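Here is a short briefing on a single structure.

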Amino acid sequence: MSVGGCVIRLYTAGPELHANSTHTCVGVRSVDVTSMGRLRVRYTAASDVVGLSAGADETLAGRGIQVGVDGTSSYATMTLYDAKLERRLNLSRTTDYRRAAGSSSNIWFGSVKAAS
């Protein structure tokens, strides 16, 4: 088994993997927004997925934003749902992305995968 994860920061200019003296990123190489407006995290190595988790931090939760995750052997896709607007956010739309973005807007992502 391999365990990985990271913090995804939703900066106003776009999502980034967040790493500093107290946060690290393991087993993830990039994050982007798909054409369907979801977050996509690409793994450093492909292997079978055992389990995934994604959680909104206190900033996003305070805005009523929830996160769901699905995955394949090479990437995971996260959907943000806005409980206040009662709909899925399409992060490829500027107005929807701004609803979630901020200097402390984080998503905590974790993965457990079979050994390659």
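**Salt bridges, core and surface**

Aspartate 32 is partly exposed, because its relative accessibility is 25%. Its partner in a salt bridge is arginine 40, with the closest N and O atoms 2.7 Å apart. The model is a predicted one.

**Salt bridges**
- The whole structure holds three salt bridges.
- Arginine 99 pairs with aspartate 82 at 2.5 Å, N to O. This pair links distant parts of the chain: helix α2 holds arginine 99, strand β7 holds aspartate 82, and 17 residues separate them.
- Aspartate 82 is buried at 0% relative accessible area, whereas arginine 99 is partly exposed at 26%.
- Arginine 87 and aspartate 96 also meet in a salt bridge, at 2.8 Å from N to O.
- Aspartate 96 counts as buried because its relative accessible area is 3%. Arginine 87 is partly exposed at 32%.

**Nonpolar core**
- The largest nonpolar core has 21 residues. Those with the most contacts inside it include Ile8, Leu39, Met78 and Phe109.
- Elements giving two or more residues to this core include β1, β4 (39-43), β7 (75-82) and α2 (94-100).
- Beyond its neighbours within four places in sequence, leucine 39 touches Ile8, Leu10, Asp32, Met78, Leu80 and Ile107, among others.

**Surface patch**
- Met1, Val3, Val50 and Val112 make up a nonpolar surface patch. Together they have about 410 Å² of accessible area.
- Valine 3 lies in strand β1 (residues 2-11). Valine 3 is exposed, because its relative accessibility is 65%.

Methods. Residues numbered from 1 in each chain as written. Predicted model: local features only at pLDDT ≥ 70, side-chain atom pairs only at ≥ 80, totals over all residues. Heavy atoms only, no water. Patch = residues over 30% accessible without salt bridge, like charges linked within 9 Å, V, L, I, M, F, W, Y side chains within 5 Å. Areas by Shrake-Rupley, 256 points an atom, 1.4 Å probe, with all protein chains shown as cover. Salt bridge = Lys/Arg side-chain N within 4 Å of Asp/Glu carboxyl O. Helix = DSSP H or I, 4+ residues; strand = E, 2+ residues; numbered from the N terminus. Buried < 20%, exposed > 50% of the residue type's maximum accessible area, 1.4 Å probe, protein only. Core = buried A, V, L, I, M, F, W, Y, C linked by side-chain atoms within 4.5 Å. Contact = heavy atoms within 4.5 Å.
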